[in-house]
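Morning, everyone. I'll keep this short. Please have a look at the structure first.

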Amino acid sequence: MAASPAAPAGRSNRAVLLTVTCLGQFMVLLDNTIVGAALPDMQHRLHTRLTGLQWIVDAYVLLVAMLLLSGGVFADRFGRKRVYLTGVAVFTAASVLCSFAPSVSWLLVGRVLQGIGAAALSPASLALLAAAHPVPQERIKAIGLWAGFSGIGLAVGPVAGGVLTDAFGWPAIFLVNLPIGLVLLLVGLRSLEEARNPNAPAIDVPGTVLSVLGVGALTYGLIEGGARGWTSPVILGGFAAAVILLAAFVAVEARRSAPMLPLRLFRQRLFTVSNTAMVVVGFALMGSSFFFSQFFVYVQGSSILRAGLQTLPVSLAMVIVSPYAGRLAARYGFRILVTTGLALAGLGLLALGTVHADTGYGNVWWRLAVVGIGFALTMSPLTGAAIQAVDPQEGGLASGISSTTRQIGAVLGVAVLGAVVRTRQSGGASFGSGLDSAFLAAGAVTLATAVFTGLWLLRSKPAEDSAAQPRSTDPEPFSVVP
């Protein structure tokens, strides 16, 4: 028999709950940025090429993107504590497997398992936090602390990755998750209270399978196309399979009574625009970040440790600016802030496209900071707008979809921009020239999206333009789940 939602916890229990959920999300976010600093060492020690590095990143991001919505449903149906701790256990064990992986193939297996664990851990941690704070104002404060403290992982990642890789090699960046995971399991088993949603919808197994296979086939074609040839039968078959599988996904979702992705939500212009822009945010941010450390190591000759420090302005700017984005959107309007943020990020990426091997770091760091500031101004208002566009009881679903679209963009960004670099190299260009083309492409796409978003939303209603945060009456005002 399904248990009812847990009763509100005391202050001490809430403090423990906040610590446990923040630390779990910190571990997931740390893994988003810590890997980038270790990519050059992975390439050297594992004897892999650019395609191998792309898979190391995308194997993780793909599973997170495709299972994130299902992870939230699993938590509601089978127990948020149970799913959270299961996610922690899977993520921790997978991290150990990654650290001892003798080859790229084994590392990819570990990364897939990490993605599965993260897709369970992230939404369950937020659901636990929301269930323990029934008062909307208290819940919003708790989620703000959750997002802020756990978001420190984004800033710590590049530095930690550089330090650990320089001292012990790339396996250390995964092994660091072991003590964190063990602490979470020990404390979580003793202190967390179970909570379920008796009215949670059924799990959409066909939608989940079709989405994983469809986006996976598309990613395969984009990553392997440069190596195998864009017109090879395998690559053309991969793209054809992607089209068929994604079309089947849309058809299945349109007919299900409780789909993982309700297509009716996209009839709302604000919801469609915000999620379209979020795909581009993931595309440009993750796709360009994939190359930051490689640029400093391979083009400018930095050490791995120094490269990790040199990439810090992006994540540091995001951590500092993000808490103010919602307030600015509430004051100046969603359209103005999102358009400005995308324009800043696009201009920063275009500026990075003009950096060369002999460009001093004093003329590089501010370009990275502009990129971070631009995306920080964009992400929170985009999620808030997606939530504002739907009914209050669907706020959690809207936030989950927003996070999923960003992750899908991240998968495609690593694949597409990697393909740009490989195509340029196959044409005789240097690796540095290929990176310039990738940054310029990401900047152009981001700037075009800024124009598109601004023009489309010119016709929006005043209420839509002020969408910056979830409604205070929203029973589960979920924040951004990376």
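This is a predicted model: local features need pLDDT of at least 70, side-chain atom pairs count only at pLDDT 80 or more; totals for chains, interfaces and linings use all residues.

Start with helix 14, residues 365–388. It has 24 residues. From its first C-alpha to its last it reaches 35 Å, close to the 34 Å expected at 1.5 Å a residue. Is helix 14 mostly covered or mostly open? Mostly covered: 18 of its 24 residues are buried.

Now its partner, helix 12, residues 312–332. How is such a packing described? By the angle between the axes and the distance between the axes. Here the axes of helix 12 and helix 14 come within 7 Å. They cross at roughly 35 degrees. The crossing is right-handed. Who makes the contact? On the helix 12 side, the list includes Pro 313, Ala 317, Val 321, Ala 325 and Leu 328. On the helix 14 side, it includes Trp 365, Leu 368, Gly 372, Ile 373, Ala 376 and Pro 381.

Next, helix 9, residues 233–255. Its 23 residues should span 33 Å at 1.5 Å a residue. The end C-alpha atoms are 33 Å apart, so the two agree. Which residues of helix 9 are buried? Ile 235, Gly 238, Ala 242, Leu 245, Phe 249 and Glu 253. Look at the spacing with this in mind: an α-helix has 3.6 residues a turn, so residues three or four places apart point the same way. And what do the buried residues of helix 9 pack against? Helix 8, residues 205–228.

Leaving aside neighbours within four places in sequence, Thr 449 is in contact with Ala 277, Val 280 and Leu 342.

Last topic, aromatics. The count comes to 9 aromatic pairs. One of them is Phe 266 with Phe 271. The centres are 5.0 Å apart, with 75 degrees between the planes. That makes the pair edge-to-face, because planes over 60 degrees apart count as such. Phe 271 is buried, at 0% relative accessible area. Phe 266 is partly exposed, at 29%. Elsewhere, Phe 295, Phe 296 and Tyr 361 form one aromatic cluster.

That's my tour. Over to you for discussion.

Notes: Residues are numbered from 1 along each chain as its sequence is written. Side-chain values use heavy atoms; hydrogens and water are left out. Rings of Phe, Tyr and Trp (its six-membered ring) pair if their centres lie within 6.5 Å; planes under 30 degrees apart count as stacked, over 60 as edge-to-face and the rest as tilted. Buried means under 20% relative accessible area, exposed over 50%, partly exposed in between (1.4 Å probe, protein chains only). Contact means heavy atoms within 4.5 Å. Helices (H or I, at least four residues) and strands (E, at least two) are DSSP runs, numbered from the N terminus. The expected span of a helix is 1.5 Å times one less than its number of residues. Axes are lines fitted to C-alpha atoms, for helices over the stretch in contact, and angles run from 0 to 180 degrees between N-to-C directions. A crossing is left-handed if the near helix is turned anticlockwise from the far one by less than a right angle, and right-handed if clockwise.
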